[in-house]
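Please examine the structure shown below alongside the explanation that accompanies it.

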Amino acid sequence: MTYDPVSLSQELIRCPSITPEEGGALVLLEKVLRNLGFECHRLDYGDVSNLYAKIGTGSPHFCFAGHTDVVPLGDASAWTHDPFSGQISEGKLWGRGTADMKCAIAAFVVAVERFLSQNAFQGSLSFLITGDEEKDAIHGTVKVLEWLKNRNDFPDACLIGEPTSQVQICDMIKIGRRGSVTGKLTCHGKQGHIAYPAFMDNPIPRLLKTLQVLLENPIDAGSDYFEPSRLEITSIDVGNKASNIIPNKVTAYFGVRINDLQTGEKIQTWIEDVCRETAGHHDLEITCHGDAFLTQDQDLIKLVSLAVQNVTGRVPELSTSGATTDGRFITHHCPVVECGLKEATMHQIDEHVEVGDIEILTAIYERILGQFFRQM
Ligand SMILES: [Zn+2]
């Protein structure tokens, strides 16, 4: 069986796996990997399906991690190409999940097939594919890692196929990611007629003052590989339709992207302190989604950089920018580097990738495998 990375990408795109739906994507992947000789385990938790597939029992163990779930379409009528047809036009493959990140999975599958056909392979190779990256990330990678712990089967290195490229394919790879904290602050007051403010307590000014304090000073100035940590307000809701009523409560939502100088706990304490000082009667809910991580293993970073350079002739930039990924869980068990297609259209209407980029990524992945197993 010889697979083609572009056709396999198209087949995966045709699986409507809007998170947390499996959509046929893991069934397809399991079939393909079994054909290549992998032992496959479907690991389903709650409403989420995951797949762990492994070939070989020797050392070292290299893992490719990714997800087949995709974000919703948004306004489906606004798409100029059917998001689940796997259509190719103008040299691009269109569809939900092309950039993030089914085509990278297809590229790695084919890279593995080519690598295995040309090498007397002694190590082990695995795929950790989740259907719960885009949603809560509770029943996906975290659960599979627990399962791997019981099997004593943690990999020695992990490559994640999330989109990382900017202008040209693999001009950037990610060697860490920022952490994330979200919060909900509700200030309570006393409702009443605006003509009698002496008897009321308007919670809006207190909320605005609190947010201003949170925003007025930078959290930090950034570190070697990270941008400054940053708080963004995402919504302020009063729900008051009347122009003559002081509302009894107002709620603000915010998100904080944190670098390696912060922890979720530090940020939580800071926000709690500010609210205690300025918010008056309030409720605060803070959720820490993970701290920042930075891969320390220079060998893996060099290996991936070199593979990119060998194929494209360019040295990739090492970055920690962008959204959080499941790398935040895997980093506790082995070094992680992320290398994938262009980020530009991910999560957008008319998400697409260059067909040529899928071929180049496949070649880069094949080189990474060659260099990893030769080096050890
Ligand atoms: Zn993704």
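The model is predicted, so local features are reported only at pLDDT of at least 70 and side-chain atom pairs only at pLDDT 80 or more, while totals for chains, interfaces and linings use all residues. Residues are numbered from 1 along each chain as its sequence is written, and side-chain values use heavy atoms, with hydrogens and water left out.

Since His67 belongs to strand β3 (residues 61-67) and Asp100 to helix α3 (residues 98-118), the pair ties together parts that are 33 residues apart in sequence. Helices (H or I, at least four residues) and strands (E, at least two) are DSSP runs, numbered from the N terminus. His67 is buried, at 0% relative accessible area, and Asp100 is buried at 2%; buried means under 20%, exposed over 50%, and partly exposed in between (1.4 Å probe, protein chains only).

On a 1 Å grid over the protein atoms alone, a cavity is a set of points where a 1.4 Å probe fits but cannot get out, whereas a pocket is an open set with protein on both sides within 12 Å along at least five of seven lines; lining residues have an atom within 4 Å of a point. The whole structure has one cavity of 30 Å³ or more. The largest cavity holds about 50 Å³, a volume being the space filled by probe spheres set on grid points that are joined across faces, edges and corners. Among the residues lining this cavity are His67, Glu133 and Glu162, and β3 gives the largest share of the lining, three residues.

The largest pocket has a volume of about 560 Å³. Of its 25 lining residues, Glu133, Lys135, Arg257, Thr324 and Arg328 lie nearest the centre. Domain 1 (5-177 + 292-375) and domain 2 (179-290) each contribute at least three residues to this lining, the domain bounds coming from an automatic or database domain assignment.

Helix α1 (residues 5-13) is largely enclosed by the rest of the structure, because seven of its nine residues are buried. These buried residues include Leu8, Leu12 and Ile13.

Finally, the loops. Cis peptide bonds join Thr19 to Pro20, with omega about 5 degrees, and Ser59 to Pro60, with omega about 0 degrees. Pro20 lies in the loop between α1 and α2 (25-35). The loop between β18 (336-338) and β19 (352-354) contains His347 and Asp350. His347, although not a glycine, has a positive phi of about 65 degrees, and Asp350, also not a glycine, has a positive phi of about 65 degrees. His347 is partly exposed at 39% relative accessible area, whereas Asp350 is buried at 14%.
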